[in-house]
Amino acid sequence: MENERMKELRKRLVDSLSKYYNLNEKVVQAMNKVPRHLFVPEALQKSAYEDTPLPIGEGQTISAPHMVAIMCNLLDLKEGHKVLEIGAGSGYHAAVIAEIIGNKGEVIAVERYESLAERARRNLEKAGYTNVKVVVGDGSLGYKEYAPYDRINVTCSAPGIPPPLIEQLKKGGKMIIPIGRHYQELYLVVKKNGVEKSPKGGVMFVPLVGKYGFDQ
Ligand code: SAH
């Protein structure tokens with residue numbers, strides 16, 4: 001019963017997002033499938049299908065559903081892609097990506113806080129995602145072990161594009177990254193011979209903290 005209700009609330013949310021944002025069908029299907037309520041603290045589950053960020057501990061937040069949808073749309077994800085995510089948080093965004101790229105694809109999600117990484121792993125397991133690897137580290141350095149990546153999804157705001165992320169992106173690869181401290185802009189970055197960077201609108205994210213991030 002509970003599950004049916006969650007499904008219904010999820011569908012209502014995703015229907016309205018897809019009308020408003022002109023999302024591609026893969027993104028809509030994935031967001032209809034991934035149970036966001038399993039990725040938020042139990043006490044907040046009733047708010048899981050409102051279009052709002054929610055606290056997940058350590059002063060961090062799970063992004064609002066519309067932001068996850070917009071970023072997945074811009075990333076232009078394809079089946080079988082290898083994707084690096086910086087800022088695993090709850091694991092929700094990684095799960096939506098995993099759903100789109102399928103079992104031949106893989107998401108490597110880096111998180112700075114061990115406690116959040118541990119919970120993200122549990123959330124992903126509960127939701128049934130086996131193609132996401134959550135690792136602990138400073139994501140401003142990327143994650144060399146599995147590089148290069150087809151796509152990079154940065155879910156915290158950086159002072160600029162961290163050079164290791166450009167290095168670890170395949171030629172022809174795409175990255176989505178919020179940049180700025182107080183005023184933040186979302187950028188789509190495409191690596192060709194050089195790097196093309198186009199602004200996609202104002203956003204609000206927690207800061208990227210690390211070597212190529214902010215101090216705190
Ligand atoms: N994608 C997440 C949203 C998390 S918010 C979700 O779906 O829930 C951004 C996350 O980035 C926070 O958990 C924060 O701890 C993390 N973060 C900040 N700086 C980081 C860094 N240098 N490396 C890895 N993670 C970082």
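## Two packed helices

Helices α2 and α4 are oblique to each other (angles under 35 degrees count as roughly parallel, over 145 as roughly antiparallel, 65 to 115 as roughly perpendicular, and the rest as oblique). They pack at an angle of about 125°, with their axes 9 Å apart. Here the axes are lines fitted to C-alpha atoms, for helices over the stretch in contact, and angles run from 0 to 180 degrees between N-to-C directions. Helices (H or I, at least four residues) and strands (E, at least two) are DSSP runs, numbered from the N terminus.

On the α2 side, K26, V27, A30, M31 and K33 meet Y92, V96, E99 and I100 of α4; contact means heavy atoms within 4.5 Å.

## Basis of the values

The model is predicted: local features need pLDDT of at least 70, side-chain atom pairs count only at pLDDT 80 or more, and totals for chains, interfaces and linings use all residues. Residues are numbered from 1 along each chain as its sequence is written, and side-chain values use heavy atoms, with hydrogens and water left out.

## Aromatic pairs

Rings of Phe, Tyr and Trp (its six-membered ring) pair if their centres lie within 6.5 Å; planes under 30 degrees apart count as stacked, over 60 as edge-to-face and the rest as tilted. By this rule there are three aromatic pairs. One of them is edge-to-face because the rings of Y20 and Y21 have their planes at 80°, with centres 5.0 Å apart. Y20 is exposed, at 65% relative accessible area, and Y21 is partly exposed, at 28% (buried means under 20% relative accessible area, exposed over 50%, partly exposed in between, with a 1.4 Å probe and protein chains only).

The rings of F39 and Y92 have centres 5.8 Å apart and planes at 70°, so this pair is also edge-to-face. It links distant parts of the chain, 53 residues apart: F39 is in the loop between α2 (25–33) and β1 (54–57), and Y92 is in helix α4 (residues 92–101). F39 is buried, at 2% relative accessibility, and Y92 is buried with a relative accessible area of 2%.

## Backbone details

A cis peptide bond, with omega about 0°, joins A147 and P148. P148 is in the loop between β5 (132–136) and β6 (149–154).

N22 is not a glycine, yet has a positive phi of about 55°. N22 lies in the loop between α1 (2–21) and α2 and is exposed, at 66% relative accessible area.
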